[in-house]
Amino acid sequence: MAILKSISRSQLTDAELVQVYQTRQQQQVLAELYLRYSDVVYGVCVKYLKDQESAKDAVINIYQELVEKLKNPQVVVFRSWLYVVAKNHCLMQLRKNKQAKIVELEPSFMQSEDFWHLEDVLNKEEKLNQLEICMKQLQLDQMETVSLFYLQNKCYAQISTITGHDWNKVRSLIQNGKRNLKICIEKNVV
Amino acid sequence: MSSKRLYNYPQIHRYLQKQMSPPEMHAFEKTMMNDPFLADALEGYNNSNDALNKKHLAEIFTWIKPARNETSILNKISARWLKIAAILVFVIGATIATYTISNQEIENPQIAEIKNTQPSSAVDSIASADEPYTEKKAYVQSAPANNTMAFSRVYAQKATDKIAPEVVPFAMKPGNLPVDTMPGENVDKRLKSEELSSLKSTTSAKALKNISGDVDSLNVDEQNKDGWAKLQAYIDKEVNKAKEKNKALKGMNVQVEFSIGKNGQVDDIKILNASNTEVAKIATGILSKSPRLAPTSTNARAKIFISF
């Protein structure tokens, strides 16, 4: 029976594991869930703490925090929630060290699966015309990179070769172009 | 898993090392565009020492792993129990199969007849020089096939002695009970109890052959030399009576084991096999009223096969 449980547990979704943990509060369930993302959490901590040793400690401390925090039945999308918990943990760590003012992210944001929903927008037939109009309103280099990335499925490296911009510039142009598109579409739809 | 495609350190590492194909990179970047978790992680890994990353990730995994492995330990224990259970099931199954086959052999008169054609060789083959049993066995010689009663090997042994697991049927004529019906055997030639005691631990073929056919090894006939013959005559008589009363009993068989008490009474009757419950009751009734044999101090047990 335990074998069957174990096999099925490894195939459970995040949401199912969260539910199992909230019901039974078994440490191994949490470990199973957390190990799916511990390396991504480590990367996030390295980014914010700028120190790999501190990041490693942070990953372990976050796991210990989750033991209690995950009992909260409000947690629905674990991955997004974990990102916010990890980020807040790192920001709190920085605040302790620097006494800097940190604003924590809103819980509503914590429950959001997708953050910008551009894919959904692109997939909607009725908004395609609006998208075309908004594309024309973008700056030339933004329009070019967004078009290459979303319409021609080119990767950053390829766009970098085509446009001559460096990797970071390409990324920035796509991010900014995407944000401007979103604002434009929302403004015109409303 | 989450519906979103998961990217972890191996994929991030491949991306940073430019080991992905352009379509893979595009898919990764597209995911990253909508996933600040992955974007932040990528940024973190991009500005870090890769060797140290690997070391730290291994340490994190080792630290968290014991909690996850609680399940594995349970699984191992469970698997161990399953193995034990499987072995037990196999052993029990094999035992039942062996028992069923041996009983079929007893109940099959054709097999009994075949064995009857080789009476002494059966004893000889069983009584091999290296046979490990220290029990005293009384084997019954065979008789022609027109029997109404058949005896299996009659085991005479102390209660603590090991019981041989197999039973080879020997059909007998009515009246051909162990001691008195051995061809060429004389009751006077029976081994004395002292001799038998000295043979307890003897395993030679010769010794077993001497015991075989000599129910004196049961130590029941010293005072009542024709006890076994009387018992058989009594059983024959009762079986015939029962058959006359109920013709449906004809052809039915019972295998019975009993002990010979200190006062020579037939005691502790156990039905090992019976065609039906009625015939088992009749056999038990017959044996419980049987004449006494000579007293024995050895807690001897005997198995007999009664054919109606």
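1. Strands β5 and β6 of chain B. In this predicted model, strand β5 (residues 253–260) of chain B pairs with strand β6 (residues 266–274) of chain B. The pairing is antiparallel and runs over six bridges. One position in it is B:Val254, which stands opposite B:Ala274 in β6(B). In a regular strand, side chains alternate between the two faces of the sheet.

2. The turn between them. β5(B) and β6(B) form a hairpin, with five residues lying between the two strands. Within the turn, B:Gly264 has a positive phi of about 85 degrees.

3. Make-up of chain A. Chain A has twelve helices and zero strands. Read from the N terminus, its elements are therefore α-α-α-α-α-α-α-α-α-α-α-α. Of its 190 residues, 34% count as buried. Among the contacts in chain A with a separation of 6 or more, 59% are between residues 24 or more positions apart.

4. The largest nonpolar core. This core holds 58 residues, and the members that touch the most others are A:Val41, A:Val44, A:Cys45 and A:Ala86. Helix α4 (residues 38–49) of chain A gives the most to this core, with eight residues. Nonpolar side chains tend to be buried together in soluble globular proteins.

5. Contacts of A:Val41. Which residues does A:Val41 contact, leaving aside its neighbours within four places in sequence? They are A:Val59, A:Ile62, A:Leu82 and A:Ala86. A:Ala86 is also one of the residues that touch the most other core members.

6. A:Gln175. This residue is in helix α12 (residues 167–189) of chain A. Why is A:Gln175 classed as partly exposed? Because 16 other C-beta atoms lie within 10 Å, and the class covers counts between the 12 or fewer of an exposed residue and the 20 or more of a buried one. A:Gln175 and A:Thr145 are 30 residues apart in sequence, and their C-alpha atoms are 9.7 Å apart in space.

7. Confidence in chain A. The average pLDDT of chain A is 81, and 78% of the residues score at least 70. Confidence is highest in α4(A), at 94, and lowest in helix α1 (residues 2–10) of chain A, at a mean of 47. Over residues 1–8 of chain A, pLDDT stays under 50. For that stretch the model has nine contacts beyond four places in sequence.

Key. Residues are numbered from 1 along each chain as its sequence is written. Chains are lettered from A and ligands numbered from 1 in the order in which they are written. This is a predicted model: local features need pLDDT of at least 70, side-chain atom pairs count only at pLDDT 80 or more; totals for chains, interfaces and linings use all residues. Two strands pair if DSSP finds at least two bridges between them. Helices (H or I, at least four residues) and strands (E, at least two) are DSSP runs, numbered from the N terminus. A nonpolar core is a set of buried Ala, Val, Leu, Ile, Met, Phe, Trp, Tyr and Cys residues joined through C-beta atoms within 7 Å. Two residues are in contact if their C-beta atoms, placed from the backbone, lie within 7 Å. pLDDT is the predictor's confidence in each residue, from 0 to 100.
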